[in-house]
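These are my notebook entries on a structure that I looked up for the first time. I record each point in the order in which I examined it.

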Amino acid sequence: MMMVMQPEGLGAREGRFAGGGGGGEYMEQEEDWDRDLLLDPAWEKQQRKTFTAWCNSHLRKAGTQIENIEEDFRNGLKLMLLLEVISGERLPRPDKGKMRFHKIANVNKALDFIASKGVKLVSIGAEEIVDGNLKMTLGMIWTIILRFAIQDISVEETSAKEGLLLWCQRKTAPYRNVNVQNFHTSWKDGLALCALIHRHRPDLIDYAKLRKDDPIGNLNTAFEVAEKYLDIPKMLDAEDIVNTPKPDEKAIMTYVSCFYHAFAGAEQAETAANRICKVLAVNQENEKLMEEYEKLASELLEWIRRTVPWLENRVGEPSMSAMQRKLEDFRDYRRLHKPPRVQEKCQLEINFNTLQTKLRLSHRPAFMPSEGKLVSDIANAWRGLEQVEKGYEDWLLSEIRRLQRLQHLAEKFRQKASLHEAWTRGKEEMLSQRDYDSASLQEVRALLRRHEAFESDLAAHQDRVEHIAALAQELNELDYHEAASVNSRCQAICDQWDNLGTLTQKRRDALERMEKLLETIDQLQLEFARRAAPFNNWLDGAVEDLQDVWLVHSVEETQVRKLVPSRDQTLQEELARQQVNERLRRQFAAQANAIGPWIQAKVEEVGRLAAGLAGSLEEQMAGLRQQEQNIINYKTNIDRLEGDHQLLQESLVFDNKHTVYSMEHIRVGWEQLLTSIARTINEVENQVLTRDAKGLSQEQLNEFRASFNHFDRGEVEFARIMTMVDPNAAGVVTFQAFIDFMTRETAETDTTEQVVASFKILAGDKNYITPEELRRELPAEQAEYCIRRMVPYKGSGAPAGALDYVAFSSALYGESDL
């Protein structure tokens, strides 16, 4: 690239030197030349002294020097020699003659060499140099200084003047009273020069003792130390700089550039250290992500390990209240404990994908988690968890239904047993009475009629006793927790029933015997009765009256009349309860029928977004973040539905004909939606990482997206390509993997060789490095990181404790087993 230079204050109005290319930033505007056609006397003095000293700092290597800059270059010989020294190249043989045309020829050879280095000199003739034109000579020397001392300075993304200025700013930033903003006034107090020296050689200057109000002293200190210890000749006068409102920029730049080159070795070491720190920072960040993955994976797997046995435990509780507490615990698990774990699982997958992307972009080997902690291992464990979880909920509901049935049967058993026991109360005593011993024939016959009525009633109760026994049998078959007491009570009822049957038969037999006996007596008294008719008539009337009163047996009828209103109240209460349940069903269904389709539509929408993202990555990210926020805001609807679901379960309602969406369907869909949007966002984040690392433009990304969407699976090389974009043979190719494939050679990253070369610089060209050298050259954290991980150097001639930086560098990129 051609380069044109125009020194400040030099040249005629039309511009004897024109600037362009790498040094174009030093060109002065044409209007500046109009205002200042002549070189400022103070600047001319500074430039003459500085440029002369600068030339001599190089010419002395060839055993010569100049005294007068405009005179000593007139024959071109020392000019050609200067260029050979600073470039390290040979120029054409000079003309030895002393005639003017010989001098012009030599100067032209020098100017031609300068032009060959990319500097275009416009409208300058060798004659002006030969004639000793000071302005032209100073301009030419400045052009040489720019090209060979300043142009190649590079700091980060800046070069030449800006690079040198940035270097000065970085080096002097920690120092008080120093604020380098330019190459003139920022250097007047001498503190910036002293700070530059102290930064690299703190042993040469006690910076703490310097005073801002002593610029002459500071400048002379810097000049003397630089000349004595750094081999930088004195190129400026302290008084000239202090007494000039604005010192000459070119003189200051020339002098300061000597410090840059004097500390080139230190700069090289710093560059090497910066490269190493950058590489180590990448590795440390990746290792941190790996440790976080391992920790999160371990915690998640441990939680699954603890949770699965709880869900696999199918030992029921004896009471409905205890089982409802289990259901409440499960509800807390699904609503409070599991959702954070769902997010952790999703975050784990996102972290894993992000880490692998970063490793690929930095040419590091893929991360392989510890055994049993692969993403697939966690996915398998999660599937196992959800499988037992579903079975557990089914079991819970089944068990609650069983207990509900048991509770109903037990209550029915207790009710019928109580009614039966109430009916039998006093019956054994009644059947054991010997009231017939003193009864008359009519009384015995009345007793027989009553006994026959009792036997009919007893026969009618046979079905009730059998029903009670059947209920007890069903309670036993359903493992009722109080089956023992039920069995005991049922056995007592059955034993009593058998006893009642025996007593009934005995009483019948006794009554029938008594009836026969009394009939015989009645025959014997018949005669007497005929004679005592009036009395007998009276007696029969009395007996008949007594019999009417005795035969009124209406206790059961009275009980039935009492039970009818009670039964009606129970039915009314059950009707009210079922009406409430129906309202709960409809309330749940109304919400579920809105939430279910919304979730499904969002899942499909996110899927379409993932497949057809448009716009810049930042626009895509903003859109996805907005979608994510909309989804998160919808969570209140899920929470309300959970509340309604809880009311249904507390009411023991497990069926709902008004909706096809169960709470479990909604939960699974919601988790799928959250995971889907998070994964899509992570895909874009990884594309941003890839774009920034590989310097891709939005247009290139759009082209890649179009190619990816129309990826031709029928191509001949499809199988070969698939091995690269789908190495795990999962049958799925992500857009991220496709970008990696399309740009696999474009990323500019550090290599093992570069890191080894950087360590070699820090080690002073040795094949090993010591802990002391690492601590001296690297920040404390990075130094200790290296010391902990570097293996001892096994070569010969190394001191104790020497470390192998070559093996360490290879390990950083996965090229060894360290």
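How many disulfides does the structure hold? I noted first that I was reading a predicted model. In this model I found zero disulfides.

I then looked up C194 and C258 for burial. C194 has a relative accessible area of 0%, and C258 has one of 14%.

**Entry on a histidine.** Where is H337 placed? I located H337 in helix α14, which covers residues 320-361. Its relative accessibility is 45%, so I listed H337 as partly exposed. Leaving aside residues up to four places away in sequence, I recorded that H337 touches W303 and D332.

**Entry on a helix pair.** I next turned to helix α27 (residues 752-762) and helix α30 (residues 805-812), which pack with their axes 9 Å apart. The angle between α27 and α30 is about 150 degrees. Angles over 145 degrees count as roughly antiparallel, and I therefore described α27 and α30 as roughly antiparallel to each other. I also noted that the crossing of α27 past α30 is right-handed.

Which residues of α27 meet α30? On the α27 side I listed T752, V755, V756, F759 and K760. Their counterparts in α30 are Y805, V806, F808, S809, S810 and L812. Sorted by class, this contact of α27 with α30 has seven nonpolar, three polar and one charged residues.

Definitions and conventions
Residues are numbered from 1 along each chain as its sequence is written. This is a predicted model: local features need pLDDT of at least 70, side-chain atom pairs count only at pLDDT 80 or more; totals for chains, interfaces and linings use all residues. Side-chain values use heavy atoms; hydrogens and water are left out. Axes are lines fitted to C-alpha atoms, for helices over the stretch in contact, and angles run from 0 to 180 degrees between N-to-C directions. Helices (H or I, at least four residues) and strands (E, at least two) are DSSP runs, numbered from the N terminus. Angles under 35 degrees count as roughly parallel, over 145 as roughly antiparallel, 65 to 115 as roughly perpendicular and the rest as oblique. A crossing is left-handed if the near helix is turned anticlockwise from the far one by less than a right angle, and right-handed if clockwise. Contact means heavy atoms within 4.5 Å. Ala, Val, Leu, Ile, Met, Phe, Trp, Tyr, Cys and Pro count as nonpolar, Asp, Glu, Lys and Arg as charged, and the others, Gly among them, as polar. A disulfide is a pair of cysteine sulfur atoms within 2.5 Å. Buried means under 20% relative accessible area, exposed over 50%, partly exposed in between (1.4 Å probe, protein chains only).
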